[in-house]
Amino acid sequence: MTRRAGLSWVAHLAPAWRDRADLTVLAELPATGFPALWEELPVRHLRTNLFEVCAIPFFVRNVALGDVVVATACGADRHLLDCVAHRGGRRVFRVWFDRCPHLREEIQWELTGLGAVTEWFARSVLAVDAEDAAHAELIAHHLAQRERLGQLHHEDACA
């Protein structure tokens with residue numbers, strides 16, 4: 001988590017599409033008890049106020065890798081996310097490893113073996129990207145099996 005001038009935000013240290021990103025936008029997080037107020041999403045500037053999301057959101061809901069979002073300039077170097085202008089068809093899952101942290105690398109390896117792209121937040125939250133609805137169903141099934149075994153918690157962040 002990063003702090004600067006009264007702001008507190010979650011940053012992506014290794015965004016999925018790092019090579020495409022040329023800016024960041026701040027997305028306000030819902031009041032969940034988490035200390036961060038914003039998530040800083042790496043984006044690619046398309047035109048005027050349109051940006052392609054280049055990271056898998058950790059906490060922002062209903063935004064996925066590849067979505068085109070509208071963001072408003074707020075100061076010289078800051079943009080604030082307004083809404084999704086066009087969905088890219090991808091889905092995001094969040095996985096928490098609070099019960100079995102020793103399985104985190106194994107499960108990440110399985111997910112990437114299924115074609116998922118992943119990003120870590122700290123050591124306990126994994127953001128998982130599925131490229132389309134069929135892929136999302138495969139990922140959801142795998143995560144549900146692991147959850148039934150008591151090894152993780154997960155949610156569909158685009159539901």
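How many bridges join β9 to strand β10? Five is the count to remember: 5 bridges, with the two strands running antiparallel.

One caution before that. This is a predicted model. The protein averages a pLDDT of 90, and 92% of the residues score at least 70. Confidence is lowest in strand β1, residues 2–4, with a mean of 49. It is highest in strand β5, residues 50–53, at 98.

Back to β9 and β10. They form a hairpin, with 3 residues between them. Look at A122 in the turn: its phi is positive, about 55 degrees. Now the pairs. W120 stands opposite L126 in β10. E119 has A127 in β10 as its bridge partner.

Next, the sheet around that hairpin. It is an open sheet of 4 strands. The order is β9-β10-β8-β11, and the pairing is antiparallel. Which strands stand at the edges? They are β9, residues 117–121, and β11, residues 153–156. Each has a single partner strand, so one side of each is left without a neighbour in the sheet. From one strand to the next, the twist averages 20 degrees.

Now the helices on the sheet. α1 packs on it, touching β9 and β10. The direction of α1 makes about 155 degrees with that of β9. α2 lies across β8, β10 and β11. Relative to β8, residues 91–96, α2 runs at about 15 degrees.

Last, helix against helix. α1 covers residues 104–113, and α2 covers residues 133–148. They pack at an angle of about 155 degrees, with their axes 11 Å apart. That angle makes α1 roughly antiparallel to α2. The crossing of α1 past α2 is right-handed.

Which residues meet there? From α1, we have E106, I107, E110 and L111. From α2, we have I139, H142, L143 and R146. By class, that contact has 4 nonpolar, 1 polar and 3 charged residues.

So, to recap. A hairpin of β9 and β10, in an open sheet of 4 strands. α1 on β9 and β10, α2 across β8, β10 and β11.

Methods
Residues are numbered from 1 along each chain as its sequence is written. This is a predicted model: local features need pLDDT of at least 70, side-chain atom pairs count only at pLDDT 80 or more; totals for chains, interfaces and linings use all residues. Side-chain values use heavy atoms; hydrogens and water are left out. Axes are lines fitted to C-alpha atoms, for helices over the stretch in contact, and angles run from 0 to 180 degrees between N-to-C directions. Angles under 35 degrees count as roughly parallel, over 145 as roughly antiparallel, 65 to 115 as roughly perpendicular and the rest as oblique. A crossing is left-handed if the near helix is turned anticlockwise from the far one by less than a right angle, and right-handed if clockwise. Contact means heavy atoms within 4.5 Å. Ala, Val, Leu, Ile, Met, Phe, Trp, Tyr, Cys and Pro count as nonpolar, Asp, Glu, Lys and Arg as charged, and the others, Gly among them, as polar. Two strands pair if DSSP finds at least two bridges between them. pLDDT is the predictor's confidence in each residue, from 0 to 100.
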